[in-house]
Amino acid sequence: MYIDNPIQTYTYEKMTSDIHQLSQTYPEIIDYHSIGQTKYGRDLWAVKLGNGDATVFINGSHHAREWITTTLNMKMIQQYASAYYRNQSFKNYNVRNLLNEVAIWFVPMVNPDGVTLQQKGLNALPKDIHNQVLQMNNGSYDFTRWKANASGIDLNRNYPADWPNITGDYSEPRWSNHKGEEPFSAIEAQLIRDFTYEIDPEMAFAYHTTGQVLYWHHHYDSNQYDRDKRLAETISNYTGYRIIPPTDEPGGGTYTDWFIQEYKRPAFTVELNPHLYRRHVPVENFPSIWKRNNAVPLYSAQESYKMWLNRQPTHAVDEKVYLIDQTQLYKHPMGRATGSALSPQAVSVTAKKGNWLQINTWAGGLWIQDSLAKASPKKEVNERITLEYKAALHTIPTEYSKATSYLSPQTVNAVAKWEDWYLIKTWMGEYWVKK
Ligand SMILES: [Zn+2]
């Protein structure tokens with residue numbers, strides 16, 4: 001995989017190939033699809049890392065010359081997926097638990113036309129627009145400074161947040177600082193908007209490269225102010241990047257400004273590198289960027305999960321789940337563990353909140369976490385299945401439980417399924433068999 005060596009010019013083609021390979025190497029935890037194409041036929045790839053219902057959104061390369069942010073996104077995906085498979089912690093975060101609770105979505109390259117133009121020059125684009133593009137670059141064939149998309153729109157000035165008041169705008173399409181004819185005039189910004197609505201993230205990160213600073217604020221009320229300031233301070237502690245005070249708030253039009261305005265949830269523009277004059281970050285800087293930033297998505301996944309869970313209603317249910325392992329009991333969802341655990345058994349669920357289940361115990365209603373118990377039948381089915389050999393009947397779907405009885409080869413009705421276990425109806429009652 002190209003991302004094994006992040007100290008190289010990381011192109012759209014390398015990223016596309018790596019995304020495909022990562023999803024084949026880590027299929028349990030990585031999924032991806034195209035959220036749409038640019039004007040010149042390049043895909044905006046979205047990569048999903050994790051299986052939880054709470055979501056975080058991370059993106060890179062809104063600005064063409066800032067493509068080291070794509071390298072960073074891809075390295076994060078690779079390293080977290082690897083830690084998940086090895087069941088290793090990463091910077092003291094339990095990656096497996098976190099990624100079972102949360103899905104981190106990445107769009108590592110928002111502006112693939114611009115990135116390719118910046119890296120490879122005019123050949124990145126069809127001949128018939130070369131003159132136009134040269135004009136946007138003041139006639140120069142050197143595209144090192146290019147930030148915009150291929151139509152000369154600065155994507156991080158194209159979002160409708162305080163858009164009319166953006167300062168330093170150029171009215172004509174240009175290599176940078178042209179905000180477009182109207183908000184969302186760029187297809188890339190439209191695709192990111194629609195994708196954001198689709199995944200409904202708790203928190204968002206847009207990676208950029210100028211100044212080693214952290215933007216976190218856009219016209220707040222006080223409630224969000226305290227919450228987001230605390231998050232910003234922790235991220236600043238991890239990265240060493242300076243927090244931009246609200247009084248120095250820049251012009252607007254950015255993705256994170258729009259996200260904060262739209263959702264009233266936290267979003268951060270992270271600027272990875274000291275200021276450079278009109279060029280990309282040298283690839284040699286990657287190791288230090290990696291070190292500063294590699295824990296931040298896991299921290300935000302943890303915080304996003306809490307925010308998500310807080311928003312979930314508690315509702316009464318009447319269900320049975322099967323604990324297939326020792327399962328910790330909690331007084332409240334996300335609260336402290338009581339110190340007692342239940343052994344594998346079937347239990348009755350009386351209420352649900354997010355992925356937490358309230359069950360009746362001798363000590364009253366206590367809570368367990370579904371994703372850790374791995375216990376509920378994941379789906380109800382109505383299937384005829386054929387037992388080809390004598391089948392062991394279990395009261396809970398694990399081979400650690402003692403078989404209650406056996407069935408000779410025959411065809412039976414299955415009513416639920418969990419991994420490769422089926423809950424079947426027999427004349428003796430319902431039992432689990434492994435298929
Ligand atoms: Zn930028």
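Hi everyone, let me start with contacts, meaning heavy atoms within 4.5 Å. In the protein chain, 70% of the contacts with a separation of 6 or more are between residues 24 or more positions apart.

Some housekeeping. This is a predicted model, where local features need pLDDT of at least 70, side-chain atom pairs count only at pLDDT 80 or more, and totals for chains, interfaces and linings use all residues. Residues are numbered from 1 along each chain as its sequence is written, and side-chain values use heavy atoms, with hydrogens and water left out.

Now the overall picture. The C-alpha atoms of the protein chain fill a box of roughly 85 × 50 × 35 Å along the principal axes. Of the 435 residues, 55% are buried; buried is under 20% relative accessible area, exposed is over 50%, and partly exposed is in between, with a 1.4 Å probe and protein chains only. The chain has 11 helices and 22 strands, taken as DSSP runs numbered from the N terminus (helices H or I, at least four residues; strands E, at least two).

On to the sheet. In what order do the 8 strands of the open sheet run? The order is β1-β2-β6-β3-β7-β10-β8-β9, with mixed pairing; strands pair if DSSP finds at least two bridges between them. β1 (30–37) and β9 (242–243) stand at the edges with a single partner strand each, so one side of each has no neighbour in the sheet. At the β9 end, 2 bridges join it in parallel to strand β8 (residues 213–215), and Val 213 is the bridge partner of Arg 242.

Let me zoom in on strand β3 (residues 54–59), where 6 of 6 residues are buried. In a regular strand, side chains alternate between the two faces of the sheet. Here Ala 54, Val 56 and Ile 58 point one way, while Thr 55, Phe 57 and Asn 59 point the other. β3 pairs in the parallel sense with strand β6 (residues 102–107) over 6 bridges, and with strand β7 (residues 203–210), also parallel, over 4 bridges. Phe 57 stands opposite Trp 105 in β6 and opposite Ala 204 in β7.

Phe 57 also brings us to the nonpolar cores, which are sets of buried Ala, Val, Leu, Ile, Met, Phe, Trp, Tyr and Cys residues joined through side-chain atoms within 4.5 Å. The largest has 92 residues, and those with the most contacts inside it include Phe 57, Ile 192 and Tyr 255. Helix α2 (residues 68–86) gives the largest share, 9 residues. Where does this core lie relative to domain 1 (2–308) and domain 2 (313–373)? Both give residues to it, so it lies between them; the bounds come from an automatic or database domain assignment. Apart from this core lies another one, of 14 residues, including Ile 129 and Met 136.

Finally, the zinc ion. Its protein donors are His 63 (ND1), Glu 66 (OE), Glu 66 (OE) and His 208 (ND1), 2.1 to 2.4 Å away. Donors are N, O and S atoms within 2.8 Å of the metal (3.2 Å for Na, K and Ca), and water is not among the atoms, so sites may look incomplete. The donor spacing in sequence is H-x2-E-x141-H, and both His 63 and Glu 66 are buried.

Why is the arrangement irregular? The 4 donor atoms subtend angles of 55 to 143°. Four donors count as tetrahedral if all angles lie between 85 and 135 degrees; four count as square planar and six as octahedral if opposite donors are over 155 degrees apart and all others between 65 and 115; anything else is irregular.
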